[in-house]
Amino acid sequence: MQKLTYLDLAKKVLQEAQKPLTHDEIWNQAVEMGLDKMLSSIGKTPWQTIQARLYVNIRDNPDSEFILASRRPTTFWLKSNKNELEILKTIDIKIIKEQTNRKFHERDLHPLLVKYLKESSFDCYAKTIMHEKSKKGQGGEDRWNYPDIVAVHFPFSDWEEKETLELAHHLNLKNYRIYSFELKVKLDFSNLKESYFQAVSNSSFANEGYLVVFEKVEGEVLDEVRRLNQSFGIGLIKLEVDSVETRILLPARSRELDFKTLDMLVNKNKDFKKFIADLNRDIQVNDKHRIIVDNYDKILDDDKIKEYAKERHLVKE
């Protein structure tokens, strides 16, 4: 018997459906069709797994076969069927246009954040973490273990005189900071809770964790993020193509590093392990002029970032 993935299952259900369905409806229809027996494995809440897999596929895959059809409730539909006249009556056309017209991927935003982090008060070197490189068999669970970008602040420029830095070093007063950043193109009620708690989960090791959003965040969505920020301490950054325009909307709560989680992450992911190894080496050198910048994500200058943003359709023509 051919085994199905959750995305295969969702596609088969939606091919037979007469209208867009919620994740619960997709699962219920799948059970009625006997498709649940064709899954390679089933967890305790398979309907939630369907929702998560569909969200991630739509978000991360420009060629996704799926679209969000509506919000409140959130329903899913097949992109190939979006022009069916009867179905369009139940679909939020604005959402479809957003997904169809968007020409860039979340990872296309990384150079914008990397530049901002170095040129702002963060003064950080940043590294993209590819969760796909986690140990075989851990890809699904590790999606929420690793941030999109991890960054480090070296204290080498915090004081003007090298003697002050040396004294801080000898007194073990080193002001190194590790940050975690989860990037999203857009934040609304369809992905707010998932995005925020993904940032909570994959920043647990860091001194500070942030959710970074490219499109405007306002109104009730911003109010809800503000409430979550008070409870869980994850900050919010509004990312712009021009790093000077990027703003911290909500600051993150500072905390001590979680070395147990750090050890687990180093063990599971090559990118993260290399980041920590490079960090250790640069700390031992203790000289800002000898940081091996090539080990971190490249920082584009102003002209190159403008050219990059245009090439990746990050600015409106």
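Which residues in H2 meet which residues in H3? His-23, Asp-24, Ile-26 and Trp-27 are the residues on the H2 side, and they meet Pro-46, Trp-47, Gln-48, Ile-50, Gln-51 and Leu-54 of H3. The model is a predicted one. Its chain has 317 residues, of which 48% count as buried.

**Overall makeup**
- The secondary structure of the chain consists of 13 helices and 8 strands.
- Among contacts in the chain with a separation of 6 or more, 69% are between residues 24 or more positions apart.

**The pair H2 and H3**
- Helix H2 covers residues 23-33, and helix H3 covers residues 46-60.
- The two helices pack with their axes 8 Å apart, at an angle of about 120°.
- The crossing in which H2 passes H3 is right-handed.

**The largest nonpolar core**
- This core has 28 residues.
- The residues with the most contacts inside this core are Leu-109, Leu-113, Leu-117, Phe-122, Phe-181 and Leu-314.
- At least two residues of the core come from each of these elements: helix H6 (110-119), strand S3 (124-128), strand S4 (149-153), strand S5 (177-184), strand S6 (208-213) and helix H13 (302-311).
- H6 gives the most to the core, namely 5 residues.
- Apart from this core lies another, of 24 residues, and its members include Tyr-6, Trp-27, Leu-39 and Ile-50.
- Trp-27 and Ile-50, both named in that other core, are also among the residues where H2 and H3 meet.

**Around Phe-181**
- With neighbours within four places in sequence left aside, Phe-181 is in contact with Leu-113, Leu-117, Phe-122, Pro-147, Asp-148, Ile-149, Ala-151, Tyr-210, Val-212 and Ile-237.
- Leu-113, Leu-117 and Phe-122, among these contacts of Phe-181, are also listed with the residues that have the most contacts inside the largest core.

**Asn-191**
- Asn-191 is placed in the loop between S5 and helix H9 (192-201).
- Asn-191 is buried because its relative accessible area is 15%, and buried means under 20%.
- A polar atom of the Asn-191 side chain lies 2.8 Å from the backbone oxygen of Lys-186.
- The side chain of Asn-191 also reaches the backbone nitrogen of Asp-188, at 2.9 Å.

Key: Residues numbered from 1 in each chain as written. Predicted model: local features only at pLDDT ≥ 70, side-chain atom pairs only at ≥ 80, totals over all residues. Heavy atoms only, no water. Core = buried A, V, L, I, M, F, W, Y, C linked by side-chain atoms within 4.5 Å. Buried < 20%, exposed > 50% of the residue type's maximum accessible area, 1.4 Å probe, protein only. Helix = DSSP H or I, 4+ residues; strand = E, 2+ residues; numbered from the N terminus. Contact = heavy atoms within 4.5 Å. Polar contact = N/O pair within 3.5 Å; in protein donor to acceptor, adjacent residues only side chain to side chain. Axes fitted to C-alpha atoms, helices over the stretch in contact; angles between N-to-C directions. Left-handed = near helix turned anticlockwise from the far one by under 90°.
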